[in-house]
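Q: I am new to this structure. How do I read its sheet, its helices and its domains?

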Amino acid sequence: MSITSKTPLFSIGIDLGTTHCTLAYVDIAASDGETTSYGVLDIPQLTDPGTVRTSPLLPSFLYLPHQDELAEGELSLPWSDQQDYAVGEFARTRGALTPIRLVSSAKSWLCHAGVDRHAPILPSEAPAEVAKVSPLEASTRYLAHLRAAWDAAHPEAPFEQQDITVTIPASFDPAARELTAEAARAAGYVSLTLLEEPQAALYNWIQTSAGRWRKDVKPGDIILVIDVGGGTSDFSLIAVLAREGNLELHRVAIGDHILLGGDNMDLALAHLVARKVAQAGTTLDPWQMRALTYACRAAKEALLSDADLKTQPIVVPSRGSKLIAGSIRTELTQDEVRSTILEGFFPQVEASVCPTSRTRGGLTQLGLPYAQDAGVTRHLAALLGRQVGATAELEGFASKVNQAANFLHPTAVLFNGGVFKADILVERTLATLNGWLAAEESDAARMLAGADLDLAVARGAAYYGYVRRGLGVRIRGGTARAYYVAIESSMPAIPGVEPPMQALCVAPFGMEEETEAELKMQQFGVVVGQAVYLRFFGSSVRRQDRLGILLDFWPPDELQELGKIQATLPADGRQPGDVVEVTLRSIVTETGTLELTAVATKSDERWKVEFDIMRGNS
Amino acid sequence: MTNSPPDSHHPQVSFLRRIPLAVGALFRILSNPGFAARVAALRQNNAALKQTSPDAALQLLALLQRDARLIDFTQETLSSYADADIGAAARVVHEGCCKVLREHFTITPVRAEAEGSRITLNDGFDARAIRLTGNVIGHAPFKGSLSHRGWRATEVRLPQLAESHDTTVLAQAEVEL
């Protein structure tokens, strides 16, 4: 009997990372309850011109070669000989030598509200001759590569018929979520769900525990997930509740979007060593800097895993064929690694610190908004301080809330991301957190062990696709922010004073997927044929604001502006210049994106409100 | 891509079967000049030997050059350098070779016993995988001490190559514009 039905055979999880992508899957038929049969796809990719090999990691790099750069057929993949670009390992290594043709960190650009993410802007430093691509297009190509790799390996189970979960940082705003979904649709993804990466890591922990997790956590626990990947740091807080005899998990808070990760740490060490080499009279070129960064990563891992090791030699190989004559010898010391990595990135700070930030110059908007404070622990302190009341209204937590606490007290920590392969960084982070807890006379938080640091997110995503079918525990929580649009108050104009602004809540905190909320009371007049722009805000702390509430005043750190949103009413069937009265409706889709719709009050017409409003402006 | 290591040899032919084979061959050589020519070629070329494909060897060399700079290293004359400089380069070569072996092969010891321990080899042991040395006399079972555990590639994962790929280029010349 041939399989003709479109019931998915596999639940596929995709970790679309800043520095690399992975694909894991759960065989639905072969799994039973919390015992799952899963695997990780070996992804064929170019590693050299005309050379294809498989690896579970697909580096998230796109290389746009010159037409004379490669011989015919050297970009061929098992499934295509028509592609004029390379994705993966070859893109990364070749691109390091020719950065003007390399697209990297497309994911960070995708959530950068300061640029038009549909516009061909990458590589950002490419000369006019290079045909650039948009951040959206780059992400689409990575996702399409993964799809083709799956179809080549599993002809019996076409990708478009499987259940797909793609992960995103918890801190992605609605625009970045929508753009990720758009990239996936463009890559031919049909059944798509988005999942936050820290949640995926926790799902993986649940999956690998094979049921034991119910003994490892108890009602009243607050699990802090710390995910430090290659390019981003992402935090989430998940509370454990008991309801009708079952344990429930509620994601209660998320951190800000922080562009800070393991790559920054390796680069910091490479610059430190490069300065030493420069003092000895040798200046390294970009090729040598890259080799040095690799060497520093290996030396760092050796030094961090063995405190007795005093130094690690570092050799930067020559670029020319004279290896012995041209190589540069230097070393990295234990003290240097400790002061750079431990004190620089994981300082033992007080719980009350805030990350330092300085006013950005206008020009920095052209590049990625990298974190200005490298202290992961400082970002963590700021998050816990801001979220001190996150569990106040949660069932079963009211009695546990410590009124004197100055920050939210986690009881358990799950680490994720390659950075935490160094045990000492896990210990430092945990010790810092436990220092804060001890200062407020709270019990120390324990570590949830058994996470697979590289593949947890993809595996957890595949497991989530499986539990969504009703076969295991799910993390609840809905949207981790409340969303607002700005409304100008209708008060008499005072010369020289901007009319005061009110914030209208269009989507409350914790809206679950597949729910919608409509604002009947507040109407907007929209001019036909003209775009209406609204300033759009999010708040990760205002849990109590209900739909339609108008805020006259708010502390400035409680609402963050997320950019502008736009609705344009097409002129069909109307006179341009007419005013149509609309209300706003917000929907959290099945995919996990937020959709704002303008609905006409006097007819049943509706228009989608665009988040990425810079589209078409450039 | 996974290739199994070559381990299929020609099937053994028993002595009793070899008698009629030899007699038949004798008469056929005498009566059939074409067959005689093929046997003559067989004896001259030692046709049981096979020529391995140079592509895989060249591919491995390219990998060792790419990741371990092995060809660069071996093309230099050591006499003009201090040991410290050679040592620094050797680190690059060592690390790179490890990476190539780890990524493209699964290598396991032929014998699991600790080196130096006494082991017994029964009749029919695989002489392709175990080398007898020293006082090699008598019949199996042989008793001896394991001086090297041996290595066996249990899996080979060489990259796939495009049809037009030139494997003789072990490292491309680089021109910076």
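The dialogue below takes these topics in turn.

A: Some ground rules come before the features. This is a predicted model, where local features need pLDDT of at least 70, side-chain atom pairs count only at pLDDT 80 or more, and totals for chains, interfaces and linings use all residues. Residues are numbered from 1 along each chain as its sequence is written, while chains are lettered from A and ligands numbered from 1 in the order in which they are written.

Q: In what order do the six strands of the open sheet in chain A lie?

A: Strands of a sheet pair through backbone hydrogen bonds, either parallel or antiparallel. Strands are DSSP runs of E, at least two residues, and helices are runs of H or I, at least four, numbered from the N terminus. Two strands pair if DSSP finds at least two bridges between them. In chain A the order is S18-S17-S12-S13-S14-S19, with mixed pairing. Strands S18 (446-447) and S19 (475-476) of chain A are the edges, each pairing on one side only.

Q: How many bridges join S12 to S13 in chain A?

A: Seven, between S12 (residues 222-228) and S13 (residues 233-243) of chain A, and the two run antiparallel. For Val228(A), the bridge partner in S13(A) is Ser233(A).

Q: What are the domains of chain B?

A: Domain bounds come from an automatic or database domain assignment. Chain B is divided into domain 1 (17-45) and domain 2 (54-156). Taken over C-alpha atoms, the centres of these two domains of chain B are separated by 41 Å.

Q: At what angle do helices H3 and H4 of chain A pack?

A: Axes are lines fitted to C-alpha atoms, for helices over the stretch in contact, and angles run from 0 to 180 degrees between N-to-C directions. H3 (residues 135-153) and H4 (residues 174-186) of chain A pack at about 50°, with axes 8 Å apart.
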